[in-house]
Amino acid sequence: MKNFEYIRPASVSEAVAAASEPGSAYLAAGTNLLDLMKGGISRPNRLVDVTRLPGLDRIEHLPDGGIRIGALVRNADLAHDASFAKSYPAVAEALLSGASPQLRNAATVGGNLLQRTRCGYFYDTASACNKREPGAGCDARGGENRLHAVLGWSESCIATHPSDFCVPLVALDAHVEIEGRSGRRKVALEALHRLPGDTPQQETELEPGDLIVALRLPAEARSFASHARYLKLRERTSFAFAVVSAAAALRIEQGTIWDARLALGGVAPKPWRARAAEKELAGCRPGAAVFRRAAEAALADAKPSGDNAFKIELAQRILVRALTLAVAGTPARVPALPASPFSSVAGALIDA
Amino acid sequence: MNLSISLTVNGERREVELEDPRVTLLDLLRERLFLTGTKKGCDRGQCGACTVLVDGRRINSCLALAVSLDGAGIRTIEGIADGSELHPVQAAFIAHDGLQCGFCTPGQIMSAIGLIEEAQAGDDPERVREGMSGNLCRCGAYSGITEAILDAQKSLTEAKQERAA
């Protein structure tokens with residue numbers, strides 16, 4: 001690991017000033033950053049430790065019915081906050097389906113939003129990667145790419161965004177509060193992450209020094225609480241990134257879907273909101289045919305970026321399954337195997 | 001910035017001078033404090049062999065910078081027995097054959113203590129297995145590990161109730 005200067009600022013403004021210097025990176029828990037630094041993928045000159053900044057570790061219920069989550073709230077604390085899990089069950093389920101208990105105890109909300117892709121070529125400094133080294137080329141094209149993107153990718157980058165947490169968040173219209181050199185601003189989570197285009201190294205809308213200080217969910221997001229699920233297919237039962245995942249949240253009244261929120265994970269360079277599919281569902285009665293139609297709309301623009309055509313059909317099936325589970329109702333408690341399409345309990349096909 | 005930090009390790013206050021900020025908690029424990037019970041498996045947060053408790057919470061010590069944890073309380077495998085009397089989780093691992101080669105065992109045991117403290121799994125073996133998914137065992141002693149944790153959790157809960165009564 002390259003050596004670096006370590007700074008522990010006392011205030012958000014001090015942190016922003018320190019991190020505005022070129023070569024700086026923010027350090028929260030470091031569960032992703034230290035891994036990248038050990039591999040020589042990230043090589044910051046300076047780490048600005050934000051873990052002691054005051055006031056960023058609170059979960060606040062706002063007077064307008066929304067919720068504000070400090071960027072330093074740990075993933076496990078948010079997922080196990082009873083009031084949060086009751087109001088935003090798909091978000092809690094997504095959090096508990098990600099990483100391992102040890103990592104969730106450390107990892108922060110802000111860090112999760114900014115975690116980097118797990119593309120093997122991004123991680124291997126001997127491989128060409130436009131994200132790691134702009135202009136170098138992309139060894140994932142023509143390489144081992146069955147887990148790469150089928151939506152939103154470009155010729156320069158086919159990597160996927162790895163977060164589970166972001167998938168239901170983007171479906172539920174989450175926003176982030178960003179403190180930067182010119183003050184504080186609010187950005188929709190959907191607009192935070194960029195598509196790669198010709199500049200895959202620019203992953204987000206953040207400018208040098210910008211610090212995510214909080215995440216917000218609007219009051220309306222709670223109206224989906226009784227029909228909200230996250231479903232995640234992995235290559236092993238637990239502690240693995242999504243091959244494909246889906247968040248489905250429905251507002252059902254008198255047997256009709258009044259409003260639907262859908263997003264996909266593991267298929268695109270950013271958490272992927274499926275608005276066309278939402279429109280297909282609005283005003284319909286739930287059922288296999290309409291779910292399939294919505295899933296087809298969600299993947300209408302998909303195309304393989306390599307040996308991954310299977311993900312297009314798989315994503316549709318996972319979306320249909322997530323919708324079916326959401327209609328059945330949010331379970332009283334997050335299942336033993338969160339977001340899993342499988343159960344190791346004999347006789348139980350779906351663990352929900 | 002001064003890189004001298006203070007940690008309370010297994011109840012004992014330790015002052016450590018760091019000449020370099022790159023030291024992880026794992027390397028500090030093993031190479032500065034010579035507490036080599038905590039194991040370095042993958043060193044990348046994937047195997048759980050380095051699990052310790054920081055302020056009561058289980059984390060991967062390989063992915064934590066020691067300097068960032070200044071002032072924290074650390075509990076390692078060396079600090080859980082009461083003199084010559086094993087911690088109930090240690091005793092249960094032996095009773096249920098929850099190990100073979102033993103390399104992952106300190107991490108398994110610290111993770112299990114963290115899991116029991118978190119109180120999310122109850123007596124459901126499926127939840128215990130999921131709650132231990134951050135600890136790999138290449139010998140495949142998983143069934144013994146699950147039984148050991150369920151057993152230790154039961155005895156710890158009963159002991160707690162007796163103390164409360």
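Mentor: Let us start with pairing: two strands pair if DSSP finds at least two bridges between them, and the strands themselves, like the helices, are DSSP runs numbered from the N terminus (E over at least two residues for strands, H or I over at least four residues for helices). One such bridge has Ile69(A) and, in strand 8 of chain A, its partner Leu215(A). The model is a predicted one, in which local features need pLDDT of at least 70 and side-chain atom pairs count only at pLDDT 80 or more, while totals for chains, interfaces and linings use all residues. Residues are numbered from 1 along each chain as its sequence is written, and chains are lettered from A and ligands numbered from 1 in the order in which they are written.

Trainee: What makes strand 4 and strand 7 of chain A edge strands?

Mentor: The open sheet has 5 strands in the order 4-5-8-6-7 (chain A), with antiparallel pairing. Strand 4 (59–61) and strand 7 (183–188) of chain A each have a single partner strand, so one side of each lacks a neighbour in the sheet.

Trainee: Why is strand 8 of chain A called largely enclosed?

Mentor: A residue is buried if 20 or more other C-beta atoms, placed from the backbone, lie within 10 Å of its own, exposed if 12 or fewer do, and partly exposed in between. In strand 8 (residues 211–217) of chain A, 6 of the 7 residues are buried, so the rest of the structure largely encloses the strand.

Trainee: Why does Glu179(A) count as buried?

Mentor: Glu179(A), which lies in strand 6 of chain A, has 20 C-beta neighbours inside 10 Å and so counts as buried. Leaving aside neighbours within four places in sequence, Glu179(A) is in contact (C-beta atoms, placed from the backbone, within 7 Å) with Val12(A), Val16(A), Arg184(A), Leu211(A) and Val213(A). The C-alpha atoms of Glu179(A) and Val213(A) are separated by 6.6 Å, although the two residues are 34 apart along the chain.

Trainee: Why are helix 12 and helix 13 of chain A described as oblique?

Mentor: The axes of helix 12 (residues 288–298) and helix 13 (residues 310–328) of chain A come within 9 Å and cross at roughly 135°. Under 35 degrees counts as roughly parallel, over 145 as roughly antiparallel, 65 to 115 as roughly perpendicular and the rest as oblique, and that makes helix 12 of chain A oblique to helix 13 of chain A. The residues in contact include Phe291(A) and Ala295(A) of helix 12 of chain A, and Leu319(A) and Leu323(A) of helix 13 of chain A.

Trainee: What makes helix 2 and helix 5 of chain B oblique to each other?

Mentor: Helix 2 (residues 88–95) and helix 5 (residues 142–164) of chain B have axes that come within 8 Å and cross at roughly 140°, and these helices are therefore oblique. Among the residues making the contact are Val89(B) and Phe93(B) of helix 2 of chain B, with Ala152(B) and Leu156(B) of helix 5 of chain B. By class this contact has 8 nonpolar, 1 polar and 1 charged residues, where Ala, Val, Leu, Ile, Met, Phe, Trp, Tyr, Cys and Pro count as nonpolar, Asp, Glu, Lys and Arg as charged, and the others, Gly among them, as polar.

Trainee: How many residues of each chain are in contact across the two chains?

Mentor: The count is 26 residues of chain A with 28 residues of chain B. Helix 6 of chain A gives the largest share of the side of chain A that touches chain B, 5 residues, and by class that side has 13 nonpolar, 10 polar and 3 charged residues.

Key. Axes are lines fitted to C-alpha atoms, for helices over the stretch in contact, and angles run from 0 to 180 degrees between N-to-C directions.
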